[in-house]
Amino acid sequence: MVETKKPGKIVILGTGGTIAGTASQASDHVGYTAAQLGVEQLMAALPGLTQVLSGRPFALEQVAQLDSKDMDGVTWHLLAARCHFWLSQDDVQSVVVTHGTDTLEETAWFLHEVLQPSKSLILTCAMRPATALAADGPQNLMDALTLACDGGRAGTWVVCAGQIHSARQVQKVHPYRLDAFSSGEAGPAAWVEAGRVRWAGKSVERHLAEVSLPTFLQILPLEWPVVEVLLSHAGASRRRVDALVASGVDGLVVACTGNGTVHHAIEEGLLDAEKQGVRIRLSTRCLTGQIVGDATRWPDVEGLSPVKARISLMLELLSERMKAV
Ligand code: SIN
C-alpha cells in the first residue's frame with residue numbers, strides 16, 4: 001500500500017499591528033487603534049481559507065497584542081521561543097506571524113538570525129486597519145498562507161502587497177502606501193500571483209549571528225546588551241555619543257553619511273568611546289546600496305540597515321558574553 005504523507009500543519013501566531021487594528025469609520029486609514037483583534041478574528045475574516053489551506057490543519061496562537069512601534073526585548077524573547085517550539089514540531093510545515101509594519105523588518109531579521117529556520121517562517125502585516133473599506137490585511141494574510149503551503153523554502157520571509165521579501169533585504173519605505181516595503185536594489189525574492197508563488201531565483205540567506213536559539217533562550221530578556229543607533233549629519237556634535245557612553249551603552253551603530261563617512265565631531269567621540277570598551281559598527285543612512293571598500297575606521301555590518309545592524313551587534317555581544325561564562 002502506498003502511504004500518502006499528510007499535508008503539514010500551518011501555525012499562525014498573532015502579535016498585533018494594524019492588521020489587527022480597528023477604526024470607528026471604514027474610511028479612516030490613519031486614525032485607528034492597532035492591535036485590537038485576535039488572530040482567530042483575522043483568520044475568520046478570510047473568505048478563501050479552505051481553498052488556500054487545501055486540507056492542511058492549522059493552529060492559532062496569540063503571542064502578543066501590541067503596536068509594533070513598542071516592540072521590545074521581552075516580546076522578541078517570547079516570540080522566538082514560540083516560533084522555535086512550533087517550527088521544531090515534525091508535523092508543522094510553516095509558521096506565519098501577523099505583525100505591525102513599523103518594526104516588522106527588525107523582528108524578521110532578529111528571528112532569522114536566532115532561529116536560522118530550516119522551514120518557512122513568514123511575517124505579514126497590513127497598512128490599513130481591519131475595519132477599512134478595502135482592508136489589505138486579509139489579502140496579505142492569504143498570500144502569507146499561500147507561501148506557507150508552498151514548497152516551504154527555508155528562511156524568514158516578509159509578505160506584503162503581493163511581494164515576498166527576504167528578512168535581510170526588506171525595509172519599510174513608505175508610511176502610508178499599501179506597498180510599503182521594498183528590498184531595494186535586490187528586489188523582491190518572490191511574488192504571490194493568483195494564489196501561486198513565483199520565485200525570482202535562488203535565494204539562500206547567509207547568517208551572521210553566532211548565537212543559537214538555545215543559547216539565546218538562556219539569557220533573561222532584560223539582560224540584552226545595550227546597543228544604540230546614532231545618526232551622523234551636518235552640524236553634528238559628540239554630545240549624544242558622550243551621553244550614551246556615560247549611560248553605560250555596550251555598542252553603537254552609526255547611520256553614516258554616504259559610503260560610511262562620519263562627522264568629525266562624532267568620530268572623536270567614537271574614538272574615546274572605543275577606548276572605554278564600546279563596540280562600534282557602521283551602516284549607511286543611504287536608502288539603498290551598502291558601504292563599499294575597506295576605507296572605514298570601523299567595520300560595517302555587511303550591508304545591513306542601521307536598525308538591523310543594531311540587532312546583529314547585540315547578538316554578537318551576546319554570544320561573546322555567553323562564551324565568557
Ligand atoms: C504597527 O506597526 O503595529 C502599527 C503600524 C502598522 O502595522 O502599519
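How do strand 3 and strand 4 pair, parallel or antiparallel, and over how many bridges? Strand 3 (residues 92–98) and strand 4 (residues 120–124) pair in the parallel sense over 5 bridges. In that pairing, Ser-94 stands opposite Ser-120 in strand 4. Two strands count as paired if DSSP finds at least two bridges between them. Helices (H or I, at least four residues) and strands (E, at least two) are DSSP runs, numbered from the N terminus.

A quick word on the ground rules. This is a predicted model, in which local features need pLDDT of at least 70 and side-chain atom pairs count only at pLDDT 80 or more, while totals for chains, interfaces and linings use all residues. Residues are numbered from 1 along each chain as its sequence is written, and side-chain values use heavy atoms, with hydrogens and water left out.

Angles run from 0 to 180 degrees between N-to-C directions, and axes are lines fitted to C-alpha atoms, for helices over the stretch in contact.

Contact here means heavy atoms within 4.5 Å.

Another open sheet has 3 strands in the order 11-12-13, with parallel pairing. Strand 11 (227–231) and strand 13 are the edge strands, each with a single partner, so one side of each is left without a neighbour in the sheet. Direction ignored, neighbouring strands of this sheet are turned by 25 degrees against each other on average.

Strand 12 (residues 251–256) pairs with strand 13 in the parallel sense over 6 bridges. Along that pairing, Leu-252 stands opposite Ile-280, and Val-254 has Leu-282 as its bridge partner. Strand 13 (residues 279–284) is largely enclosed by the rest of the structure, because 5 of its 6 residues are buried. Buried means under 20% relative accessible area, exposed over 50%, and partly exposed in between (1.4 Å probe, protein chains only). Helix 9 (residues 306–324) lies across strand 11, strand 12 and strand 13, running at about 155 degrees to strand 13.

**Two helix pairs**

Two packed helices are described by the angle between their axes and the distance between the axes. Here are two such pairs:

| Helix pair | Angle | Axis distance |
|---|---|---|
| Helix 3 (residues 73–87) and helix 4 (residues 104–115) | roughly 55 degrees | within 10 Å |
| Helix 7 (residues 239–246) and helix 8 (residues 264–275) | about 20 degrees | 8 Å |

The axes of helix 3 and helix 4 cross at roughly 55 degrees. That makes helix 3 oblique to helix 4, whereas helix 7 and helix 8 are roughly parallel to each other. Angles under 35 degrees count as roughly parallel, over 145 as roughly antiparallel, 65 to 115 as roughly perpendicular and the rest as oblique. The crossing of helix 3 and helix 4 is right-handed, and the crossing of helix 7 and helix 8 is right-handed too. A crossing is right-handed if the near helix is turned clockwise from the far one by less than a right angle, and left-handed if anticlockwise.

**Two loop residues**

Gln-116, in the loop between helix 4 and strand 4, has a positive phi near 45 degrees. Its relative accessible area of 33% makes Gln-116 partly exposed. Ala-194 has a phi near 45 degrees and is found in the loop between strand 9 and strand 10. At 86% relative accessibility, Ala-194 is exposed.
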